[in-house]
Amino acid sequence: MTTTTDVRLFAYRQGPLRTGLAELPLGSDTEPTTSTLPPARARGTRGRPLPAGTHRLLADAPYPQPLPADALAALGPGDLAGHLLVCALGLQRREPSHQFNDHRVTASVRSQFPVHAFVLAPDGSRAYLDVYRHALVDLVDDADVSDDVDDSDSGGVEGDLAELLPAPGDLTVVLAARFTDLPVTYGRLRCTLSLLELGINLRALHTAADLLGVPVRLRSDAALTRAAARLLENSGPGAWSPPLVVTLEGAGPLPSSRRLPGTDGSGDVERHAWERGLLRDQSGQESLREADAVTAPLAALSCGTGEPVRSVPDLAQREPAEHRPAGRESADPDAGPARPDWAQTLWNRSAGRTRAGLPGFSARPAVLGAAFLRDTLAWLEVPAPGPLLPEVGRRVRTRVVLQRTAGLPTGRYAVTRGHVECEQQDPDLMRRFADAFGYPLTPAIDCGLRHANAVWVFAADLDGILGEFGPAGWSLLQLWCGWATHGLTTAAAAHGLFARPARSFGEFWLQRTLELPRSTFPVFTLICGRSRFSEPVLDMRV
């Protein structure tokens with residue numbers, strides 16, 4: 001059984017103590033990732049094609065308003081769930097200079113997207129969301145799809161999953177991160193980054209549901225989590241995080257399953273042989289066994305089904321009347337009162353860019369008005385779902401370093417109840433942040449942090465959280481940071497800014513610079529600014 005001491009040691013070894021213990025991750029951006037590889041049982045020929053035109057549908061909704069009722073009423077039978085999943089997790093664009101996978105709606109800590117989504121319908125149908133096939137691909141039980149699956153213990157799977165099935169008209173979505181999608185050289189950070197990504201995807205799903213008028217309930221129950229874990233285990237090789245189980249109320253029904261166009265299911269064995277081997281080889285590693293043990297308390301939580309929560313804040317209540325949207329004259333919210341539509345907002349979502357062959361991210365100096373700060377604070381203030389995540393979030397100390405924003409002096413600000421309070425004015429603070437960042441500016445790496453407008457820092461008393469919430473406290477903290485991060489990235493995208501999630505910083509240096517109490521350490525950061533680099537991109541929206 002995992003104890004609080006076990007989790008505390010893990011948290012400090014991959015956090016504040018990693019430098020002293022010489023356990024720094026040795027990740028390389030050139031290492032392969034398996035995050036685009038579907039599970040073995042999700043590579044068949046049958047499924048449900050997702051509807052086309054989600055971005056055109058979203059173009060009728062100005063940020064931050066939901067889709068109008070008449071647009072939702074005009075959707076075809078069975079299209080609501082498909083549009084919702086594409087809105088939440090779908091592909092957006094391919095950048096020729098970008099070395100990672102294609103950009104999606106969700107922000108990604110390493111742009112490798114290790115979180116996968118499974119959908120279950122009341123009739124027992126089980127499907128995997130494959131964004132590249134633009135379909136919900138049926139999960140199959142026969143072993144002739146590939147040689148990845150061991151069917152020796154697959155009997156009775158249907159019965160094991162019965163408790164996951166939703167009520168008529170609803171759908172169950174299972175979100176889980178596959179630890180093995182991140183390179184092995186990340187070590188313990190594979191666990192941390194995966195949980196952060198899981199929180200990011202949870203917020204993305206809630207945001208899409210808000211836009212399409214679908215209530216979402218997070219179901220925190222150990223029995224449901226075990227059933228969802230069996231679903232993951234039976235999908236093929238790979239080491240998975242504890243799953244999150246949510247219900248989309250009234251999002252069904254799904255269209256009927258049929259043969260998917262454009263593929264006969266052949267060719268996967270050879271084309272993905274090296275990826276399948278990578279999954280098999282990595283699944284039994286010590287760091288992943290440790291990750292399983294550390295996250296086991298999260299899987300054991302039974303908090304019941306939470307009430308539906310909104311992810312998108314009501315920004316109209318926060319804006320002065322003269323700043324409220326009066327039309328759609330401009331797609332640049334800094335150029336006037338008009339705001340972009342949701343299609344443009346999701347398209348803008350970016351973790352930063354550089355020219356081809358140069359790692360990092362570029363930025364240029366920009367002056368932002370008060371609307372940007374109001375928006376980001378409003379998104380940050382929205383509580384996470386469930387009874388425990390909001391409580392954990394209330395114990396996070398959030399700081400933001402601002403420059404050229406809302407007419408405020410450059411310096412460090414505390415975030416309290418949706419407002420910022422200046423703690424230190426320092427015109428040189430952003431440059432000093434850049435000097436201590438995990439990958440500072442060099443001839444071989446671009447780092448635009450010195451020109452950023454805002455650096456958000458989440459910090460927490462790890463011992464205090466573990467003492468109050470037990471061994472699951474650390475995992476809950478990572479999920480909350482992911483939830484808050486995706487809200488901030490969405491607000492930044494609405495203002496045409498990049499928002500880069502970052503775990504590359506020196507905890508002790510940042511603790512001293514922010515003048516945090518000795519018991520409080522930075523957990524995660526997010527860098528917002530205006531990108532200096534641009535190029536034509538391939539639109540991948542369908």
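Biologist: What should I know about the model before we start?

Modeller: It is a predicted model: local features need pLDDT of at least 70, side-chain atom pairs count only at pLDDT 80 or more, and totals for chains, interfaces and linings use all residues. Residues are numbered from 1 along each chain as its sequence is written, and side-chain values use heavy atoms, with hydrogens and water left out.

Biologist: Fine. At what angle do α12 and α16 pack?

Modeller: About 155°, with the axes 8 Å apart. Here α16 is residues 473–494, and α12 is 370–381. Axes are lines fitted to C-alpha atoms, for helices over the stretch in contact, and angles run from 0 to 180 degrees between N-to-C directions. Helices (H or I, at least four residues) and strands (E, at least two) are DSSP runs, numbered from the N terminus.

Biologist: So how are α12 and α16 oriented to each other?

Modeller: The angle makes α12 and α16 roughly antiparallel. The cut-offs: under 35 degrees is roughly parallel, over 145 roughly antiparallel, 65 to 115 roughly perpendicular, and the rest oblique.

Biologist: Is the crossing of α12 and α16 left-handed or right-handed?

Modeller: Right-handed. That term applies if the near helix is turned clockwise from the far one by less than a right angle, and left-handed if anticlockwise.

Biologist: Which residues in α12 meet α16?

Modeller: Phe 372, Asp 375, Thr 376, Trp 379 and Leu 380. On the α16 side, the partners include Trp 480, Ala 484 and Leu 488. Contact means heavy atoms within 4.5 Å. The contact residues divide into 8 nonpolar, 3 polar and 1 charged. Ala, Val, Leu, Ile, Met, Phe, Trp, Tyr, Cys and Pro count as nonpolar, Asp, Glu, Lys and Arg as charged, and the others, Gly among them, as polar.

Biologist: And how does α6 pack on α16?

Modeller: Helix α6 (residues 189–211) packs on α16 at about 50°, with axes 7 Å apart. The two are therefore oblique to each other. The crossing is right-handed. Among the α6 residues in contact are Leu 195, Leu 202 and Arg 203. Among those in α16 are Trp 474, Trp 483 and Ala 484.

Biologist: What about α1 and α15?

Modeller: Their axes come within 11 Å and cross at roughly 155°. That is why α1 and α15 count as roughly antiparallel. In α1, Thr 4, Val 7, Arg 8, Ala 11 and Tyr 12 make the contact, and in α15 Leu 462, Asp 463 and Leu 466.

Biologist: New topic. What is the volume of the second largest pocket?

Modeller: About 430 Å³. Of its 18 lining residues, the closest to the centre are Leu 380, Glu 381, Gly 393, Arg 394 and Arg 417. On a 1 Å grid over the protein atoms alone, a pocket is an open set of points where a 1.4 Å probe fits, with protein on both sides within 12 Å along at least five of seven lines; lining residues have an atom within 4 Å of a point. Grid points are joined across faces, edges and corners, and a volume is the space filled by probe spheres set on the points.

Biologist: Which element gives the largest share of that lining?

Modeller: β13, with 4 residues. The lining divides into 9 nonpolar, 4 polar and 5 charged.

Biologist: Last one. Where are the cis peptide bonds?

Modeller: One runs from Tyr 63 to Pro 64, with omega near 0°. Pro 64 lies in the loop between α2 and α3. Another runs from Gly 252 to Pro 253, and Pro 253 is in the loop between β9 and β10.
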